[in-house]
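I opened the model today to go through its loops, helix pairs and sheets. My entries follow in the order in which I looked things up.

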Amino acid sequence: MVTTERDYVAEHRDDLLHDLDQWLRIPGISAQPERHDDVRRSAEWFADAARRTGFPTVEVWGDGPWLPAVFAEWRSDDPDAPVVLVYAHHDVQPVDPLELWHTDPFEPTIDGDLLRARGASDDKGQLLFHLLGLQAHLAATGRTSPAVTLKFIVEGEEESGSPHFEELLATHRERLACDVVVVTDTGMVAPDVPSTVTGMRGMVAATVSFHGPDLDLHSGVFGGAIPNPATEIARLVAALHDDQGRVQVPGFYDDVLDLTDTERDLFAKVPSDEGEFLKVTKSRALRGEHGFSTLERLGARPTAEVNGIGGGYIGAGHKTIVPSDAFVKLSFRLVADQDPATIIKGVEQFVTDHTPEGIVSHVEWEGSGVRACLVPLGTPAYNALSGAISEAFDGAQVLPTREGGSGPEAGLQAAVDRPLVFLGVGLPDDQIHAPNEKVTLSMLYKGAEAAALLWTRFAEVGAEALRSS
Ligand SMILES: [Zn+2]
């Protein structure tokens, strides 16, 4: 009797639940040094699980400044098969405030189709469905090795901002060589709306300081006769956007890849409820770049935001001064193909242009910035992925979405220099990073099935076509 991927997953759900129950009990919180032994235990646990699944090569990489990461490799017996690198992370977010949890975050509890625990969705559940999916792939195809050579890189510092990930990638560059990357740390629009992330924004961030007189001055004796740095920095902030919400940094939009008509049509099909959006954000209005929907503004357009602003006297009562200093903290979310270095130059030009006589400006950057990453629609890798997801969801159309935030994916893409696709089955209400994190079990089963089907589809496409995606 030949089994199908779906049947195998259905028959082995308990294996996944059993594994999740064990792994979710390990509080591998990378942000908390006192939990770093648990991060190590978490890595060892996944390494064992990969060995049990049949991976011939499994290594815990603890040979650097990073917290332990796991590398697993299973070569296809077809030497020409594509090489696929799967990225995920095994560390979890802190759980504070603990009193807001209805159950112990490290005592997994199942309630119908929901499993609650820290890491259930982000990212342990999403990584573990791959092990079940791989077994389903082997059982359904009758193979003894996967149709593609599979490599897994499972990071242990993602929830701390992946501070050493690029160094880890550089150290192990040759081992991580591949034709295509599958990122498994994202979600879908809704249980009945299968979707895939097709982009993440990049970012640059800076603190701009304005220095006026070398000391705070009496506003009665001197005010009105010298430039006030707080007033002047407010002018700079006000000049950041025009009345259409467009960012006024020179050259800001020059390299922005516009959405194609197909992308805009598909974006428009993604169900989005602006009332719900206002409820979630607790905002009283929507505002952004003129001519774009909220989803487009969040995923496909670059932004400038003021993250903080200050200067002068901000204590109790009143102090009548012309302050010596003022500052503003700015961040710019970037989209493909904006280059962080070009944007940095543009912002510095903007600051220079808005620094009046008598003010000394200074721009302090937070690192060199992160590029956006983009999955173009219609490439062989994208088509194989959306085909596999669609099959797992009974033929439903797979919609492209974009993430507004930034992650380690752009660095990963740059390091391996290969196309990326996203297979994630989290849901918007999973409460990742928040109390009462949960995952929908039927989504994990769909993920396992999609992964099982994906390896067959990637093998059919072939290494060269995947690489050129
Ligand atoms: Zn995550």
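I began with lysine 282, which sits in the loop between helix H8 (274-281) and helix H9 (294-299). Helices here are DSSP runs of H or I with at least four residues, strands are E runs of at least two, and both are numbered from the N terminus. Phi of lysine 282 is near 50 degrees, a positive value in a residue that is not glycine.

I noted the ground rules next. Residues are numbered from 1 along each chain as its sequence is written. The model is predicted, and local features need pLDDT of at least 70, side-chain atom pairs count only at pLDDT 80 or more, and totals for chains, interfaces and linings use all residues.

**Cis peptides**

I looked up two cis bonds. One joins aspartate 96 and proline 97, with omega about -5 degrees. I found proline 97 in the loop between strand E3 (83-89) and E4. The other runs from alanine 336 to aspartate 337, with omega near -5 degrees. Aspartate 337 belongs to the loop that links strand E13 (325-334) and helix H10 (340-353).

**Domains**

I took the division into domain 1 (5-200 + 372-467) and domain 2 (202-256 + 302-365); such bounds come from an automatic or database domain assignment. The C-alpha centres of the two domains lie 41 Å apart. I then checked where they touch: six residues of domain 1 are in contact with seven residues of domain 2. Contact is counted when the C-beta atoms of two residues, placed from the backbone, lie within 7 Å. On the domain 1 side I recorded three nonpolar, three polar and no charged residues. In this classing Ala, Val, Leu, Ile, Met, Phe, Trp, Tyr, Cys and Pro are nonpolar, Asp, Glu, Lys and Arg are charged, and the others, Gly among them, are polar.

I traced an open sheet of three strands in the order E4-E5-E18, with antiparallel pairing. Pairing requires at least two DSSP bridges between two strands. Strand E4 (109-111) and strand E18 (438-440) are at the edges with a single partner strand each, so one side of each has no neighbour in the sheet. Neighbouring strands are turned by 25 degrees against each other on average, direction ignored. Strand E5 (residues 114-116) is joined to E18 by three bridges. Opposite leucine 114 I found threonine 440 of E18.

H13 lies across E5 and E18, at about 60 degrees to E18. Angles run from 0 to 180 degrees between N-to-C directions, and axes are lines fitted to C-alpha atoms, for helices over the stretch in contact.

Which helix does H13 (residues 441-461) pack against? The partner is helix H11 (residues 380-392), at an angle of about 140 degrees and with the axes 8 Å apart. The two are therefore oblique to each other; the scheme calls angles under 35 degrees roughly parallel, over 145 roughly antiparallel, 65 to 115 roughly perpendicular and the rest oblique. I logged the crossing of H11 and H13 as right-handed, the term for a near helix turned clockwise from the far one by less than a right angle, anticlockwise being left-handed. Residues making the contact include Pro380, Ala384 and Leu385 of H11 and Leu453, Leu454 and Phe458 of H13. By class the contact residues are eleven nonpolar, one polar and four charged.

**H2 and H4**

Helix H2 (residues 13-23) and helix H4 (residues 124-141) pack at about 140 degrees, with their axes 10 Å apart. H2 passes H4 in a right-handed crossing. H2 contributes Asp15, Leu16, Asp19, Leu20 and Trp23, and H4 contributes Lys124, Gly125, Leu128, Phe129 and Leu132. These divide into six nonpolar, one polar and three charged.

**Four-stranded sheet**

My last entry is an open antiparallel sheet of four strands in the order E11-E13-E9-E14. The twist averages 20 degrees from one strand to the next. Ten bridges join strand E9 (residues 202-211) to E13, and valine 204 stands opposite phenylalanine 332 in E13.

I found helix H6 (residues 229-238) lying across E9, E11 and E13, at about 15 degrees to E13. H10 lies across E9, E13 and E14, at about 20 degrees to E9.
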